[in-house]
Amino acid sequence: MNVLHWARVQWDRVSAAVCVVLGVIALLLGWRGVGDEALTAQQLPYIISGGIGGLFLLILGGILWLSADLRDEWRKLDALERGGDEYVDASAS
Amino acid sequence: VTVTAGRLATHVRASARRDAPWTIPQLRLAVIGGVLGLVLLVVSYLGAAGSADVDTQLGWLALAIVGLLVFASGGGALLLFGHRAVLARWARLARTRGRRRAHLTSRQIDADASGLIWVPGTHRVHRAECQLVAGKAVEYLAETDADAHGLTRCEVCAP
C-alpha cells in the first residue's frame, strides 16, 4: 500500500504518533531550557511551555490513538450489521 | 409488510451517522474542552514569560495546570462516550441476534411473493427466493422505494 494512501487512511494514528514525538521533544527542550537558566523566574516559562505543553501533546496523542481504536471497532460493528446475515432491527416484528 | 418511506428514510439517516461512535454534541464538548485548555496554556505561557515576579508566575503556572486538566477532561469524556457507545452497540447486536433466532420460525420468506425484500438493518435488496436471505426475517419493499433510498441490488440473486 502506498505510504501516502496509508497515512491518509490512518490520519488519526499518524497524528497521534506525531503528537507523541512532538510532546517528547517539547519535554526535552523544556528540561534543557530549565537546566540552562539559574533564576526561577526564567525557568518557569520553560516549565509551562516545555513541560505542560509537552504533556498536552502526549495526552492529545493518546486521545487520538484511542479514538482511532474506537472508530475501528465502530466500523467493525458496521460491517457486522451490514453483512446481510444480521437481523438488526428488532422493530421489524 | 411493505416498508413505509418514512421508516426507510429513518434507517438511511441512522446509517449516515455511523462514521464514529460520537454524537455531534459530544464532539462539540470535547473540542470546546480542547480549545479552552489550549487557550489557557498559551495565555499562561505569555503571562509567565511577561513577568519577572516568581509569585505572579506561579499563578500563571497554576492556570496552565488548570488548562491541562480541562483539556484532559474533554479528551477523557470523548473516549468515555465513545467506549460506552461501542459497548451499547455490541450489546444491541447480541440482543438482536437472539431475537432473530426467535423469529425465524414465525417469519419465513414467502417464496412466491413478488417484488423485493429487505432485511432490516442491511443495505441490499433481494429476490424472495435469494439464498442469502433464506430463513431470515424480512420485509417487502416497493422497487421505487429501494431505488429512492439508494439500496443496492444483491449480486447473487440480481433482482
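1. Start with helices α2 and α3 of chain A in this predicted model: α2(A) passes α3(A) in a left-handed crossing (the near helix is turned anticlockwise from the far one by less than a right angle). Helices here are DSSP runs of H or I with at least four residues, numbered from the N terminus. The contact of α2(A) with α3(A) involves 18 nonpolar, 9 polar and 5 charged residues. Nonpolar means Ala, Val, Leu, Ile, Met, Phe, Trp, Tyr, Cys and Pro; charged means Asp, Glu, Lys and Arg; the others, Gly among them, are polar.

2. Helix α2 (residues 11-36) and helix α3 (residues 40-82) of chain A pack at about 165 degrees, with axes 7 Å apart. Axes are lines fitted to C-alpha atoms over the stretch in contact, and angles run from 0 to 180 degrees between N-to-C directions. The two helices are therefore roughly antiparallel (angles over 145 degrees).

3. Now look across the chains. α3(A) and α2(B) also pack at an angle of about 165 degrees, their axes 8 Å apart. That makes α3(A) roughly antiparallel to α2(B). The crossing of α3(A) past α2(B) is left-handed.

4. Over all chains there is 1 aromatic pair (rings of Phe, Tyr or Trp, the last by its six-membered ring, with centres within 6.5 Å). The rings of F56(A) and F71(B) have centres 4.0 Å apart and planes at 25 degrees, so the pair is stacked (planes under 30 degrees apart). F56(A) sits in α3 of chain A and F71(B) in α3 of chain B, so this pair joins two chains.

5. A note on conventions: residues are numbered from 1 along each chain as its sequence is written, and chains are lettered from A and ligands numbered from 1 in the order written. Local features need pLDDT of at least 70 and side-chain atom pairs pLDDT 80 or more, while totals for chains, interfaces and linings use all residues; side-chain values use heavy atoms, leaving out hydrogens and water.

Note on methods: Angles under 35 degrees count as roughly parallel, over 145 as roughly antiparallel, 65 to 115 as roughly perpendicular and the rest as oblique. Rings of Phe, Tyr and Trp (its six-membered ring) pair if their centres lie within 6.5 Å; planes under 30 degrees apart count as stacked, over 60 as edge-to-face and the rest as tilted.
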